[in-house]
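Here is my note on the model, point by point. Please read it with the coordinates open.

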Amino acid sequence: MGLSGIQIFKLLPKTNCGECGVPTCLAFGMNLAAGKAELSQCPYVSEEAQEKLAAESAPPIRTVNFGSGENVVPVGGETVLYRHEKTFVNKPGLGLLVCDDEPEADVKEKLQRFTNLQYERVGLNLRAEVVALKSNTGDPAKFKALAEAVKATDAAPVLIGEPEVLKAGLAVLKDRKPVLYAATFSNAAEMGQLALESGCPLAVRGENQDDLVELTEYFTAMGIKDLVLDPGKRTLRDSLYDHVSMRRLAINKVFRPLGFPTITFPCEMTNDPMLETMYAGVFIAKYAGIVILSDLKGENLFPLLLQRLNIYTDPQRPMKTTEGIYEFNGPTENSPVLVTSNFSLTYFIVSGEIEASRVPAYLMVLDTDGLSVLTAWAAGKFVGETVGALLKKTKIEEKLATRKLVLPGYVAVISGDTEEEVGKNWEVQIGPRESAHIPAFLRQNFPA
């Protein structure tokens with residue numbers, strides 16, 4: 001945001017009503033300037049102030065959405081060059097390329113891999129989201145048939161071809177809000193009109209950044225706001241240079257003509273699948289919005305998904321698991337209830353050890369705002385009162401004949417308070433300090 005907290009305060013109603021969640025308009029203005037609040041939280045701001053503040057608060061890189069249903073892919077929306085400055089916002093969409101001159105069986109296999117290659121990690125479903133459909137034949141009928149095949153998946157599409165061909169693809173996939181690729185100087189009017197009529201994002205391709213500036217200014221003047229940029233280079237060095245310099249201009253200089261997400265094609269930069277994967281990894285870090293690969297295989301997709309997860313996880317917000325009761329190894333009415341925090345890493349380590357023990361057990365995950373067990377205890381979030389409250393909330397005791405509650409060894413100090421909270425019907429035990437000792441502890445104390 002270009003305005004300071006004081007400048008924003010001058011545009012606010014100065015009622016100090018507190019309905020925004022903070023006691024004064026000055027505090028709210030400071031939160032707006034720091035990106036910690038939304039203008040919509042103020043019910044009394046004037047329309048004039050809304051217009052000015054909305055323009056000032058728009059991110060330097062516009063957010064563009066494509067896809068539909070549960071697979072809407074937002075790209076762009078970034079406000080910083082480096083994650084540690086604040087956070088990265090929208091992870092790049094990863095996808096594969098299918099062409100209308102490929103054998104039908106090959107396309108089917110690619111799309112099957114697109115659907116099947118999904119991985120569960122720290123409570124998240126990691127997968128590719130995008131399929132780019134390219135017309136090599138220029139035949140609208142063949143392109144439409146390709147679109148029909150892609151429609152059977154939930155992919156967020158990118159349609160690649162000339163305007164007449166793209167119309168055939170839109171006849172099938174318009175409801176997916178595909179990205180239309182690519183508008184150039186030679187077809188700008190037709191592509192612009194197609195984007196306006198369909199309401200779909202438009203990809204713009206130039207030979208250099210000057211071309212992109214001229215084209216984006218042309219399309220924004222037409223009223224097209226959702227643009228995706230392709231600087232056109234197909235070597236790693238030149239394309240990386242463009243991505244970095246465009247990001248710097250958009251964020252440091254707030255240069256709006258380049259303030260849009262980008263698309264890149266590692267599949268067109270090399271014929272070596274491993275080299276292509278390496279190139280994709282470079283653009284995930286710096287700073288592509290959509291990355292298109294020639295194919296998806298487990299050995300190249302999985303490391304890219306992990307890299308993307310690591311980079312686009314907010315370092316200021318711990319990853320959390322949903323609070324509640326989890327079952328392992330088919331628990332019975334005599335199974336113990338272990339307790340842990342909802343810090344994702346803690347949950348997955350503890351749950352993995354319980355599963356490895358093969359002892360039927362319940363795991364009660366306490367909402368500690370993503371803090372680990374010891375940190376949550378120090379913050380007053382993992383205490384007897386909160387453990388007892390969750391135990392009653394889940395009503396787990398209704399499933400049990402013998403009620404045994406196992407606390408982490410590092411918070412043995414809360415056992416007395418926990419006993420008071422849960423009552424005499426429960427036997428509170430102290431588990432091991434180290435998760436690696438959980439299997440032996442369970443097998444020794446709760447033999448099947």
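1. Is C99 buried or exposed? C99 counts as buried, because its relative accessibility is 11%. The cut-offs here are under 20% relative accessible area for buried, over 50% for exposed, and partly exposed in between, with a 1.4 Å probe and protein chains only.

2. A word on the source. This is a predicted model, in which local features need pLDDT of at least 70 and side-chain atom pairs count only at pLDDT 80 or more, while totals for chains, interfaces and linings use all residues. Residues are numbered from 1 along each chain as its sequence is written, and side-chain values use heavy atoms, with hydrogens and water left out.

3. Cysteines. The structure holds 0 disulfides, a disulfide being a pair of cysteine sulfur atoms within 2.5 Å. For C99, the nearest cysteine sulfur is that of C267, 8.2 Å away. C267 is likewise in no disulfide, and its nearest cysteine sulfur is that of C99. C267 is buried, at a relative accessible area of 12%.

4. An open sheet is formed by 8 strands in the order 10-9-8-7-6-3-12-11, with parallel pairing. Helices (H or I, at least four residues) and strands (E, at least two) are DSSP runs, numbered from the N terminus. Two strands pair if DSSP finds at least two bridges between them. Strand 10 (227–230) and strand 11 (263–264) are the edge strands, and each pairs on one side only. Strand 9 (residues 202–205) joins strand 10 in the parallel sense over 4 bridges. There, V204 stands opposite L229.

5. Strand 7. Which way do its side chains point? A156, V158 and I160 point one way, P157 and L159 the other, and all are buried. Strand 6 (residues 130–134) runs parallel to strand 7, joined to it by 5 bridges. I160 is the bridge partner of K134. With strand 8 (residues 179–183), strand 7 pairs in the parallel sense over 3 bridges. V158 stands opposite V179 in that pairing.

6. Crossovers. From strand 6 the chain passes through helix 5 (residues 140–151) to strand 7, and this β-α-β crossover is right-handed. Right-handed means that, with the strands pointing away from the viewer, the path from the first strand over the helix to the second runs clockwise. Strand 7, helix 6 (residues 163–173) and strand 8 also make a right-handed β-α-β unit. Helix 5 packs on the sheet and touches strand 3 (93–99), strand 6 and strand 7. Its direction makes about 165° with that of strand 6. Axes are lines fitted to C-alpha atoms, for helices over the stretch in contact, and angles run from 0 to 180 degrees between N-to-C directions.

7. Cores. A nonpolar core is a set of buried Ala, Val, Leu, Ile, Met, Phe, Trp, Tyr and Cys residues joined through side-chain atoms within 4.5 Å. The largest has 62 residues, and those with the most contacts inside it are V98, V131, L133, L180, L202 and F219. Helix 11 (residues 298–312) gives the most to this core, with 7 residues. Apart from it lies another core of 21 residues, including V73, V179, F265 and I290. Contact means heavy atoms within 4.5 Å.

8. L304. This residue lies in helix 11. L304 is buried, with a relative accessible area of 3%. Leaving aside neighbours within four places in sequence, its contacts are L94, T277, A280, G281, I284 and L293. L304 and E355 are 51 residues apart in sequence and 28 Å apart in space, C-alpha to C-alpha.

9. Another open sheet has 5 strands in the order 13-15-14-16-17, and its pairing is mixed. Strand 13 (324–328) and strand 17 (427–430) stand at the edges with a single partner strand each, so one side of each has no neighbour in the sheet. The twist averages 30° from one strand to the next. Strand 14 (residues 337–341) and strand 16 (residues 404–407) pair in the parallel sense over 2 bridges. L338 stands opposite V406 in strand 16. Helix 15 (residues 415–422) packs on this sheet, touching strand 16 and strand 17, and its direction makes about 160° with that of strand 17.
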